[in-house]
Amino acid sequence: MRTVRAGGRTVQVHRPDKVLFPGGGGAGQYTKGDLVAYCREIAPYMLPHLRGRPLMLERHPDGVEGPRFMQKNVRDHDPAWIGRVEVPKEGGTVTHPVCDDTATLVYLADQACLTLHRWLSRTGRLDRPDRMVLDLDPATEDFEPVREAARLFGELLDEVRLPSALMTTGSRGLHVVVPLDGRQGFDDVRAFARDLADTLVEEHPDRFTTAARKKDRGDRLYLDVQRNGYAQTAVAPYSVRAAPGAPVAVPLSWDQLDDPALGPRRWTIEDAVDQARTRPWSGLARARALGPALRRLDALRGRRR
């Protein structure tokens, strides 16, 4: 065991030499100590995307080759200084962790939490999302359909005058992220996201689909809007994914979409901080109201039919 300083606190790191990512096949080998070091370095860029949001934790105590645990509740033995929010559920409540500081981020890494899945709303306004996420999930490893869908979503969002940003998932596809002003509830946001997706499917039915069941998709790219429901989560920017080589979900600029080297696992814990330092979302316009965009989309769909 060793201790590290993190944001003014001292956090214990147990078994820092424990291998979480075994490596092999060209992928790097990484330990818990490597994960902790990454979390300390990425914290200034990652924490703004986490503060005030309930989290679901994806833990791999024996590394990526061992069992996975999805954890919603803060545990009794977790430090008292970790943020938390009590959320009603049927028959009781769930006390979610909230990561507001570097010490919490490091503590979660010590608990072998590889991936943080965040709510799209914040404490105090849990029923009002301030993010909308469109998940572009390809049927194959071919990344070109993902690029195409991202471009089309970007153009469509420009037409309805909503700002948008891109993020690799660290897994298979991309997320298109839209900042909102939090006036609408989840049902309205998800319905709007579905209308956006349906617009693309109507124009390109052979390439895209919103079919929830895999057997109904064929080789078409799945436009997933289900993350926009209440209590649903999306992978947080700069989270590490449980895959060989420790890939990271990384924000990128729209210009980078044309980079031939771009792929969903383009960045790992080795170089994700370098990308973060470029502040790829710095030009993102501030959140907008959804109401005017709804009217613009309705008019646009009417003209295209």
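Predicted model: local features only at pLDDT ≥ 70, side-chain atom pairs only at ≥ 80, totals over all residues.

Reader: At what angle do helix α3 and helix α4 pack, and how far apart are their axes?

Author: Helix α3 (residues 144–159) and helix α4 (residues 186–203) pack at about 120 degrees, with axes 11 Å apart. Perpendicular stops at 115 degrees and roughly antiparallel starts over 145, so α3 and α4 are oblique to each other. The crossing of α3 past α4 is right-handed.

Reader: Which residues meet there?

Author: On the α3 side you have A149, L152, F153, L156 and L157, and they meet L196, A197, T199 and L200 of α4. That contact splits into 8 nonpolar residues, 1 polar and no charged.

Reader: Now side chains. Is R53 buried or exposed?

Author: Buried means under 20% relative accessible area, so R53, at 0%, counts as buried. R53 lies in the loop between α1 and β5, and its side chain makes a polar contact with the D130 side chain at 2.9 Å. Beyond its sequence neighbours, R53 touches residues including P97, W119 and R131. R53 and P97 are 44 residues apart in sequence, yet 8.4 Å apart C-alpha to C-alpha.

Reader: And where does H117 sit?

Author: H117 is in strand β9. By that same cut-off, its relative accessible area of 10% makes H117 buried. The H117 side chain has a polar contact with the side chain of E58, at 2.8 Å. Other contacts of H117 include M70, V235 and R241.

Technical notes
Residues numbered from 1 in each chain as written. Heavy atoms only, no water. Helix = DSSP H or I, 4+ residues; strand = E, 2+ residues; numbered from the N terminus. Buried < 20%, exposed > 50% of the residue type's maximum accessible area, 1.4 Å probe, protein only. Polar contact = N/O pair within 3.5 Å; in protein donor to acceptor, adjacent residues only side chain to side chain. Contact = heavy atoms within 4.5 Å. Axes fitted to C-alpha atoms, helices over the stretch in contact; angles between N-to-C directions. Parallel < 35°, antiparallel > 145°, perpendicular 65-115°, else oblique. Left-handed = near helix turned anticlockwise from the far one by under 90°. Nonpolar A, V, L, I, M, F, W, Y, C, P; charged D, E, K, R; others polar. Lists of a residue's contacts leave out its neighbours within four places in sequence.
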